[in-house]
Amino acid sequence: MANTGAPTSTIFRRPKQSSSWTDWLTTVDHKKIGIMYGYSAFFFFVLGGIEALILRLQLAGPDGSVLEAAEYNAMFTMHGTTMVFLFVMPIGAAFFNYMLPLLIGARDVAFPRMNALSFWIFIFGGIFLYSSFLFGTTGPPAGGNLPGGATDASWLGSTINGGWFMYQPNAGPRFSTGTVLDYGSIGLQILGLSSLIASVNFIATVFNMRAKGMKLLRMPVFAWMTTVVAFLLLFSLPIIAVALFMVTFDRQLGTLFFDTFQGGDAILWQHLFWLFGHPEVYILILPAMGIVSEVLPVFSRKPLFGYPAVVFAGAAIGFLGFGVWAHHMFSSGITPVAQAAFGLATMTIAVPTGIKIFNWLGTMWMGKIKFTTPMLFSLGFVALFVVGGLSGVTHSIVPADWQQTDTYYIVAHFHYVLFGGAIFGIFAGLYYWFPKLTGRMMSEKLGKVHFWLMFIGMNLTFGPMHWLGLQGMVRRTWKYPEEYNFGTWNMVVTVGAYIIALSIAVFMVNWIKSKRKGVPSGMDPWDARTIEWSIPNPTPEWNFGVNPEVQGLDDWWHRKYDDDEEGRPVRKADADAVIAQFHEQGVNPPAPIHLPSPSYFPFIAGLSFLAIGYGVIYHTRGWGLPLLIFGVVLLLSSLIGWSLEPIEEEHEEVHA
Amino acid sequence: MSDIAHDEQVHETTGIETRKLAMWIFLSSEFMFFGALISNYLLFKGRPGFPEPYPSEVFDIPFTSVSSFVLLMSSLTMVLADHALHKDDQRSTRTWLVATALLGMVFLAGQVFEFAGFVTEEVPMKLSTNPAASAFFTLTGFHGMHVLVGVIMLLTLVGVSFRKGKLSTATGLNLESVALYWHFVDIIWIVIFTIVYLIK
Amino acid sequence: MWFRSTRRALRLALIFVLPLTLASCVGDAPLDSLDPQGPAARQIDNLSTPVFWIAGVIMAIVWGGMAFALVRYRDRGQAEPKQIHGNAKLEVLWTAIPIILLAGLAVPTVQTIFDLTECSTDAMEVDVIGHQWWFEYQYPEEGITTANVMVIPAGQEVCLNMTSDDVIHNFWVPKLNGKRYLVPGQQTTLILEADEPGEFWGQCGEFCGLSHALMRARVRAVDEADYNAWVARMQQPARLPIDGKPTEESLAEAGLDQFQGICSTCHVIDGVNELDNPVGPNLTHFADPYRNVFAGASLETTAEHLAEWLADPPTVKPGSFMPDLNLTTDEIDSLIAFLLSLDPTKEH
């Protein structure tokens, strides 16, 4: 065990545990990091939602004049970028961070300081991206003219505006002048690094940190989905990193990768982007599928139907997800053989997806269903994801996709799977695991109001988009004329969007109220099945008072219940005593526990990326290159200092 | 031993030391990174109609062979450093680590010299000459940066060994993981050298 | 409780949804992809309609199954449920059935891809070049260059050879076919054919910058005689104002002078000037009756719209490559007179 005696004489003294706000800056505790991810992600969710509400005002009627063209392009780009990279991915990280060690019986992740680093890189990357509103410039394409002779768009338009997908050469130096797309390409690069580091951490954790007896096929489904997502991140992020470097070099160093006037290849960007971009969408949905697979059994009072099938289907989706990227490019001029191949490959993904849906149905079937809020959101997930999944299958019918692609029909598809799917699943998880975080229950009444408002709002918003797309409304379109006849349904869509916003407000009220005055949850409030409920609520700092020893799937359930001859559960005579015993050893661990010490280095290393980012963009200005060098030096020295810092400083006994 | 919270026993469910495991996981990601860069080069290298020169026209294969050999030798010294650590011979470990870092730096110097030559030729080849050149410099440039990061890690290990008196398993940076990384960087170079320089 | 309020909510939802659905069915959607007016669009529609139905049926089955389960198996205080872990036979069933279904769909899908990929050998050729933010059409055999409105003979297959002059665009006329990219530096192909004469609207589908929303297309299919007449008059040089004619013509003559002074650096009018790489659309027969839209097919060709455009192009189309030329009202009036006089069907 590590105790090297003398404390390291780093530039700063090694921080101690629990010293007020610096606690959060220097923490390496996976739960605190998860909480920071969660609040940050939710903050960006609200920002991304506001961007959507603004652009829905512009599109509510024909020939809208709420936004200028430049502002509209900025709003739809930032809405997509924010929701994908700054909300769904980080809130997935929030769940992975907080829950994964608890689900596998560990005290923390494999590399706590690296875990903190992932968070700080993410938050500084997000700040960097959004600082484009303040500092970014965006002019017309070279040779073009902005209204009124302006050289730059308004502040609302001066942010990343090439679409979240940044198709080249439109998002290259010739056609997107100014700095906003440098903020975009560099900002995304920084965010990608954060997720890559996290993925290494989570894979190492799942492989090496499982409790005794926690064989892989005894892990909760959410732990499995975390693992698959980590592998998807691991293999897809490098490709977008290469693509983003190529764009950044085109914009900053004069390389010619995508400059079609000089031999560059416009379609190459799309291949590289979608090689990442398609696995990315499974990264977005699999965590929510994992959450739903946890929640449905608990509130059906039965095990997950077909656990191995659900696990393998998830892995299959991940694996197959690498083979379908060009289905985003069916109209791009790729050969008919390629179109056929990718169409067929895309169809195959429907199979494991269907397997999961049917197994979820099988879980509910012949269960005893309690309509708690997490259950409502999980049921909503299944119903809405099916719609999105089916519209996805219609895209795989390639010639049909030639009509559907780049229209609102696609927007409908991905919002059903991402909103009806991922976001509903995320809310299910937030309501379900709220007691672990706070020791209290969220209000069921407000929860149900939230659910119904959101369900109705979501369908009003995205349902009509199927129709609008098939009627010819294309994507990313600043306005549409009266003659296109889109006005009625667009108004419905806009109203629906505001209903969604109202439902989010209800949720926020619920969260704040319940955190302060919610009913105390006590131990195991849901009578659940998995081991994160075998420890007290809120989760103690050391997670498990005693290292768990797992005897099978749904271990916690089997400590409380036996099966009778019919296969129905019978509560064990000593179940209450067992629960009390677990509570006691959770609150008062019998043996000393050593937790890793906090560290400044992840924060400083994360901060250095800000300097690097600004330094690259402004390297031609007098102060830019020195700033860049400073950032690199800061990064290197913080990493070196980190590697010199021992894992633990002295003995920090948390429990005497 | 990784830096997790623990009580008396630390388990490694797979039996592989966690930091080495993490390095393997990270390197599998790096395969994709270099795979994309190499594919990119392969896409552009043969495209007709670009302004001259194409990368294959300016290569000095004998020179690059020598620097490739230098990098290969550095993998050998890395193995020797690892071996010395297992025998707990701190002095030899340091020596071989320094040797590896030096050989890496010689390789890098060779790259810089080579690139300087390309841009100062009569018909220069720069980043912006044509997409094939862009792809070439990006690929080899990123490889060079990986070598540089490796050299920094090696020197850090040497520094750690001096500060602590010996290289131990208490700190995060770990010789076996760095060795893995170094060998990976070498293997990638072999692939690049073959595909980019040798194969027409 | 929740159940009753659900019923109520569903009833309310129906009350809203029904009239809206009916309302939208009444209006005409010029870009309606579900209203095929040509063989390609019809072949796609024949493939996608059954697929939509199948998807609808599957959705009904899943939603129906869920609704049944949620009602039948809700917690009514009954005994705890049997702890069923799975059923291998069901797993096989609901893996095999989707595979078979998808395999069934795969065959016509692949067939249709190949059917609609290559133009037939007797197709006529039109080149489409995408610009920010207008479509240029060239008829190589006939020697015609025009913009915004593509005139084709009805009942005749047209093979579009497409590329872009700047960024990636997308050519889409929903009633005639699916969409295809216009890629700078590359060539793509699209089949276009209208069953009957008519005007078919299109839109650029690929985000291409500031005025992407305003980059539109019109395809006018006419019967063979009208098409030949159109080709003939398009092959003539422009109808230019002649000296000593009444006021309308003298205003147009002033406009011609303006054109030669200001506009001829970017626009070509056959018989007036020549350019190697014109930045703007060819204006030779700008007021031909078939060419009823301009500014990337986003505005009808009227004096009013022309005045709006000429006064300040970047305000009408943000990012426009045509700058605000600070024209006086007189200059605008004479230019409008000139442009509207470029109608080859008018007599002199």
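The legends below describe close-up views of a predicted model.

**View 1. Domains of chain A.** The domain assignment divides chain A into domain 1 (29-262), domain 2 (265-521), domain 3 (529-593) and domain 4 (596-656). Between domain 2 of chain A and domain 3 of chain A, the C-alpha centres are 33 Å apart.

**View 2. The interface of domain 2 of chain A and domain 3 of chain A.** Contact involves 15 residues of domain 2 of chain A and 13 residues of domain 3 of chain A. The two domains bury about 1100 Å² between them, with 54% of it on carbon and sulfur atoms. Zero salt bridges are found across this interface, while eight residue pairs are in polar contact.

**View 3. The side of domain 2 of chain A that touches domain 3 of chain A.** Helices α8 (266-300) and α13 (408-438) of chain A each supply at least two residues of this side. The most comes from α13(A), which gives six residues. By residue class, this side of domain 2 of chain A has eight nonpolar, three polar and four charged residues.

View 4. C:Ile113 is part of helix α3 (residues 88-115) of chain C. Its relative accessibility is 0%, so C:Ile113 counts as buried, the cut-off being under 20%. Leaving out residues up to four places away in sequence, C:Ile113 touches A:Pro336, A:Gln339, A:Ala340, A:Val398, A:Pro399 and A:Trp402.

**View 5. C:Ile113 and C:Phe259.** These two residues are 146 residues apart along the chain, and 47 Å separates their C-alpha atoms.

Terms used:
Residues are numbered from 1 along each chain as its sequence is written. Chains are lettered from A and ligands numbered from 1 in the order in which they are written. This is a predicted model: local features need pLDDT of at least 70, side-chain atom pairs count only at pLDDT 80 or more; totals for chains, interfaces and linings use all residues. Side-chain values use heavy atoms; hydrogens and water are left out. Domain bounds come from an automatic or database domain assignment. Contact means heavy atoms within 4.5 Å. Buried area is the accessible area (1.4 Å probe) that two parts lose on being put together, summed over both. A salt bridge is a side-chain nitrogen of Lys or Arg within 4 Å of a carboxyl oxygen of Asp or Glu. A polar contact is a pair of N or O atoms within 3.5 Å; within protein, one must be able to donate a hydrogen and the other to accept it, and residues adjacent in sequence count only if both atoms are side-chain atoms. Helices (H or I, at least four residues) and strands (E, at least two) are DSSP runs, numbered from the N terminus. Ala, Val, Leu, Ile, Met, Phe, Trp, Tyr, Cys and Pro count as nonpolar, Asp, Glu, Lys and Arg as charged, and the others, Gly among them, as polar. Buried means under 20% relative accessible area, exposed over 50%, partly exposed in between (1.4 Å probe, protein chains only).
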